[in-house]
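Dear colleague,

Please find the structure below, followed by a short account of what was found in it.

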Amino acid sequence: MEHDADLIEELLAEHREIAELFEQFDERPPGCIERELLLEALTIELVYHAVAEETHLCPALRERLENGGRRADGEIAEHSSIEERLKDLEGRTAENRDLDRLVRELRTEVMGHMEEEERHLFPKLRDGVPPFVLANLGKRVREAKKATLSRSHPRAPGSPSLNRLLNPGLGLVDRVRAQAANRGHPVTS
């Protein structure tokens with residue numbers, strides 16, 4: 001993402017990254033270990049994205065848009081639903097016969113959520129929030145992601161399984177959320 005991208009541009013770039021991970025997953029044959037690694041990378045990206053929206057987008061909605069509190073609460077509820085689906089996928093292997101169905105269901109929910117934001121929420125945000133505020137929020141999202149990733153692990157497929165790299169006390173979704181929210185659960189071992 002370019003240096004001066006605003007909040008909406010940052011979130012749109014993350015949407016594209018998430019869609020690309022789903023496509024890469026679909027391109028791999030069933031049973032392929034890369035699918036597990038892509039699912040882990042997708043989990044990490046989705047949780048980071050949810051935390052970014054909850055930390056930066058939702059407060060802007062509450063403060064700047066009419067009925068923004070209701071919309072922010074809806075965003076948080078949708079993120080919670082997506083994270084529950086991700087938790088259902090934790091520990092499943094590439095050979096699991098339910099994997100494709102569960103990932104399809106996750107993709108449907110995620111893509112619907114992103115489409116709703118892009119078609120309805122982001123235009124309202126663009127109209128209702130001054131450009132300098134959106135620019136500052138975009139900068140804060142970039143800084144938070146950079147700080148989180150610098151303390152994190154490689155996210156690309158081909159790296160060792162993230163489950164072996166991460167502390168074992170919590171599930172992947174909870175560990176990534178804690179790391180992204182800086183709540184003291186380090187992602188690396």
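In this model, helix α1 (residues 7–27) and helix α4 (residues 99–128) have axes that come within 11 Å and cross at roughly 160°. Axes are lines fitted to C-alpha atoms over the stretch in contact, with angles from 0 to 180 degrees between N-to-C directions, and helices are DSSP runs (H or I, at least four residues) numbered from the N terminus. The two helices, α1 and α4, are therefore roughly antiparallel (an angle over 145 degrees).

The model is predicted: local features need pLDDT of at least 70 and side-chain atom pairs count only at pLDDT 80 or more, while totals for chains, interfaces and linings use all residues. Residues are numbered from 1 along each chain as its sequence is written, and side-chain values use heavy atoms, leaving out hydrogens and water.

The whole structure holds 19 salt bridges, each a side-chain nitrogen of Lys or Arg within 4 Å of a carboxyl oxygen of Asp or Glu. One of them joins D100 and R35 (2.7 Å, N to O). D100 belongs to α4 and R35 to helix α2 (residues 33–64), so this pair ties together parts 65 residues apart in sequence. R35 is buried at 4% relative accessible area (under 20%; exposed is over 50%, partly exposed in between, with a 1.4 Å probe and protein chains only), whereas D100 is partly exposed at 29%.

E105 and R85 also meet in a salt bridge (3.3 Å, N to O).

Yours sincerely

Methods
Parallel < 35°, antiparallel > 145°, perpendicular 65-115°, else oblique.
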